Amino acid sequence: MAGLIREESIAEVREKARIDDVVSEHVSLRNAGGGSLKGLCPFHDEKSPSFHVTPSRGFFHCFGCQAGGDVIKFVMDIDALSFAEAVERLADKFGVQLRREEGDVREDRPRGPQRNRLVEAHKAAQQFYAEQLSTPDALVARQFLAERGFDQSAAEMFGVGFAPRDGDALFKHLRQKAFSQEELVVGGLVAVGRSAYDRFRGRLLWPIREAGGDTIGFGARRIFEDDRIDAKYLNTSETPIYKKSQVLYGIDLARKDMARSSQAVVVEGYTDVMACHLAGVTTAVATCGTAFGDEHARVLRRFMHDHEEFRGEVIFAFDGDAAGQKAALRTFGGDQNFVSQTYVTVEPDGMDPCDLRIKQGDAAVRELVARRVPLYRFVLGNVVGKYDLDRADSRVDALREGARLVSSIRDRSKVDAFARELAGMVGVDIEQARGEVRRATSRGPAKPDQRGARRAEPEAPAPPAPRNPVPDLRDPRFALERETLKLVIQHPMAIGRTTSDIGTDDFTHPVYRAVWELVAAAGGPVAGSGDASWAGRLRDAATDPAVSSAISALAVEPIRTAKEPDAAYVSMHVFRLLELTAMRRIADLKSRLQRTNPVENATEYNRMFGELAALEQHRRTLRERTVGAT
Ligand code: ZN
């Protein structure tokens, strides 16, 4: 940012901004003797004061948490600002005209109303709105709160208010308090059409506060049917004091516990923040009418005392719906240090924390947060969860798509752990997953383009491949199915004599499966013996053109043996087909075993293990019969 403020300006700020004045806005100080003052530390929880301020030296220090520094450092810490931002804010407040190094064009920028005037106006507005909440006109607003489990003391704790329905009640009130129209317009409280009118009318209001507690904007919810503005929520738009890419609702209440616990919970709305805090999740915040972005991440990291190394935990209580998952995926593409410490929790019935608290109580809200899972596992789980993992071909697809996601992780040191996770989810062994990730990495769309002109976008995972596209009927994978069906259609008698064990599951191609279903519906291969119109009957019964065309092809394509197909030839095909089915079921079962915890789900695990042994035996028998037939 503005790193080029001149040293003499910084010195002037330090001189004019008395540290005891600045600290007193946040801490009530009393005499500690020896020219020092003390109070309860704003940066950590304490019962007896260990936070000291020495005005003559311009320093503060906490003997409890070791926070300390000059007045600029105090403002940086209390409001989560950069050095330059803190200097600018103090300069504004104490009337210092900042000089910048040459070349910084902002030296002579026109200055609007001072920051502290805008903050004062918001303070007065917040008080006005809060008083309005107890008026008869605000009945609907009070009902709204009551229905969501918030009583009067909750409303007071969060400073919730009501904007009267008449067009300029706040404007008049603040003009009486000597705020200029310009100050109110620039601050976003009032707009001007033919005349000045209140920005928020007939709405329930939440004051949006900075970390230090100053109100800098409002979030306003629609509560009246005849509200001419359809938007459910209106928020203060960008102003000199309100930056929507940085503001987090609830940060003033959450900051201390965030620092203490190195944890932050991000929820979706004002009522969710309230519900969380009242339920004991005191680190909850929400963005205000905008998606969570990199600047919000930066603010959280600063409050979690995470300047060098990120050890904190940020938990997103996302909706389980598509929008929530998209938000999760977007975060996944952001700052990777942040991602690796990011967690997600989803309420299975789609309830947000506010609903959850009403229906199931405070403990349920705390449990929701406790049930968090790492973001990468959540995202991988969503990707893998779209596939039917009990089917071998779907497992291959799931592994491929999961590998593509894992290969997009920029922190290479994490890739192996993610690959391992993927292997466990899909139910394949780790080497197979590693191989797929290596292939995805070398193939990857993640490669920068050859001209190197553009930096690659944050890699969002590619959209899923279309589900179950119909494979080519002549794909060698289906050769045995094809040959067997040719026998069924051309030599039904020979098949009928060999076995009645063939079933729909023996055919993996959807078209071949459909052909077999027609055969079964017609009475099985035996029904075709001696019937010259057998193929025609089957064809007539088909409703899908792809199926009837396949039947024609199967009826005319020569059998792959020179002589008339004998019993041995038929048996070889039938038993081999059944053996392949057994092998698929074995692979599915092994995959499920790998995905089952033998300790937590002992009964299920043992049952599958027994089933596996029986299947292996069945496969061996089929193998012997196939070999015996040749
Ligand atoms: Zn402290």
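**View A. Tetrahedral zinc site.** The site of the zinc ion is tetrahedral, with angles of 100 to 116° among its four donor atoms. Four donors count as tetrahedral if all angles lie between 85 and 135 degrees. Ideal angles for four tetrahedral donors are 109.5 degrees. The model is predicted: local features need pLDDT of at least 70, side-chain atom pairs count only at pLDDT 80 or more, and totals for chains, interfaces and linings use all residues. Residues are numbered from 1 along each chain as its sequence is written, and side-chain values use heavy atoms, with hydrogens and water left out.

**View B. Donors of the zinc ion.** Cys41 (SG), His44 (ND1), Cys62 (SG) and Cys65 (SG) coordinate the zinc ion at 2.1 to 2.4 Å. Donors are N, O and S atoms within 2.8 Å of the metal (3.2 Å for Na, K and Ca); water is not among the atoms, so sites may look incomplete. The donor residues follow the spacing C-x2-H-x17-C-x2-C in sequence. His44 sits in the loop between strand 2 (36–39) and strand 3 (51–54), and Cys65 in the loop between strand 4 (59–62) and strand 5 (68–69), so the pair ties together parts that are 21 residues apart in sequence. Helices (H or I, at least four residues) and strands (E, at least two) are DSSP runs, numbered from the N terminus. Cys65 is partly exposed, at 31% relative accessibility. Buried means under 20% relative accessible area, exposed over 50%, and partly exposed in between (1.4 Å probe, protein chains only).

**View C. The annotated span, residues 41–65.** UniProt, in an unreviewed entry, places the feature "zinc finger region: CHC2-type" here. Such annotations may be inferred rather than shown by experiment. The end C-alpha atoms of residues 41–65 lie 8 Å apart. The span is 0% helix and 32% strand.

View D. Ala178 is not a glycine, yet has a positive phi of about 70°. Its place is the loop between helix 8 (169–176) and helix 9 (181–186). Ala178 is exposed, with a relative accessible area of 55%. Ser262, also a residue other than glycine, has a positive phi near 50°. Ser262 lies in the loop between helix 10 (251–261) and strand 13 (263–267). Ser262 is partly exposed, at 27%.

**View E. Packing of helix 21 and helix 23.** Helix 21 (residues 479–490) packs against helix 23 (residues 510–521) at an angle of about 25°, with the axes 11 Å apart. Axes are lines fitted to C-alpha atoms, for helices over the stretch in contact, and angles run from 0 to 180 degrees between N-to-C directions. The two helices are therefore roughly parallel to each other (angles under 35 degrees).

Notes: Four donors count as tetrahedral if all angles lie between 85 and 135 degrees; four count as square planar and six as octahedral if opposite donors are over 155 degrees apart and all others between 65 and 115; anything else is irregular. Angles under 35 degrees count as roughly parallel, over 145 as roughly antiparallel, 65 to 115 as roughly perpendicular and the rest as oblique.
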